[in-house]
Amino acid sequence: MLFKVVFRVLVPAGTDKLYLTGSHPALGSWSADGIRLECCSDNFTAAIELPTGEYEYKYTRGSWDTVEKGKSGEELKNRRLIVKTGMVKDDDVLAFADNFSQPGTVQK
């Protein structure tokens, strides 16, 4: 049985595109430009169908050079999702890899 999972993602201002990628074909199979999310202001959304299970995923702007990072540029662990029923998953992306010239340094 498949369940509808809606991803709602708040992103930094000026983010022009956002992709979801993860450990299942419906999540993009770890391709950096896996599933493109729809934009509305600083929020992006996507609705996908997944079977019951545990999954890992990340957000990018289309390449691994633009993968999500922590607010100070730190590497983030994969996000985790447990699907048992239909659900809405709210996430916040604080920064992307290309926002930093060196770890912990914001580019101007």
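Q: In this predicted model, what share of the contacts with a separation of 6 or more comes from residues 24 or more positions apart?
A: The share is 67%. A contact here means heavy atoms within 4.5 Å.

Q: Which elements make up the chain, helices or strands?
A: The chain has 0 helices and 12 strands. The radius of gyration is 14 Å, close to the 13 Å that the globule rule gives for 108 residues, so the chain is as compact as a globular protein of that length. The C-alpha trace spans about 50 × 25 × 20 Å along its principal axes.

Q: How many of the residues count as buried?
A: Of the 108 residues, 37% do. The accessible surface comes to about 6200 Å², and 51% of it belongs to carbon and sulfur atoms.

Q: How is a pair of aromatic rings described?
A: By the distance of the centres and the angle of the planes. A search of the whole structure finds 2 such pairs here. Phenylalanine 7 and tyrosine 57 are edge-to-face, 5.4 Å centre to centre, with 75 degrees between the planes.

Q: Where in the chain do phenylalanine 7 and tyrosine 57 lie?
A: Phenylalanine 7 is in strand β1 (residues 2-10) and tyrosine 57 is in strand β6 (residues 53-60).
A: Phenylalanine 7 is buried, with a relative accessible area of 0%. Tyrosine 57 is buried too, also at 0%.

Q: What is the geometry of the pair of tyrosine 57 and tyrosine 59?
A: This pair is edge-to-face, 5.7 Å centre to centre, with 85 degrees between the planes. Phe7, Tyr57 and Tyr59 form one aromatic cluster.

Q: Which residue lies over the face of phenylalanine 96?
A: Arginine 61 does, at 4.8 Å from the ring centre.

Terms used
Residues are numbered from 1 along each chain as its sequence is written. This is a predicted model: local features need pLDDT of at least 70, side-chain atom pairs count only at pLDDT 80 or more; totals for chains, interfaces and linings use all residues. Side-chain values use heavy atoms; hydrogens and water are left out. Rings of Phe, Tyr and Trp (its six-membered ring) pair if their centres lie within 6.5 Å; planes under 30 degrees apart count as stacked, over 60 as edge-to-face and the rest as tilted. Helices (H or I, at least four residues) and strands (E, at least two) are DSSP runs, numbered from the N terminus. Buried means under 20% relative accessible area, exposed over 50%, partly exposed in between (1.4 Å probe, protein chains only). A charge sits over a ring if NZ of Lys or CZ of Arg is within 6 Å of the ring centre and within 35 degrees of the ring normal. The radius of gyration is taken over C-alpha atoms; the globule rule is 2.2 Å times the number of residues to the power 0.38. Accessible areas come from the Shrake-Rupley method with a 1.4 Å probe; for residues, only the protein chains shown count as cover.
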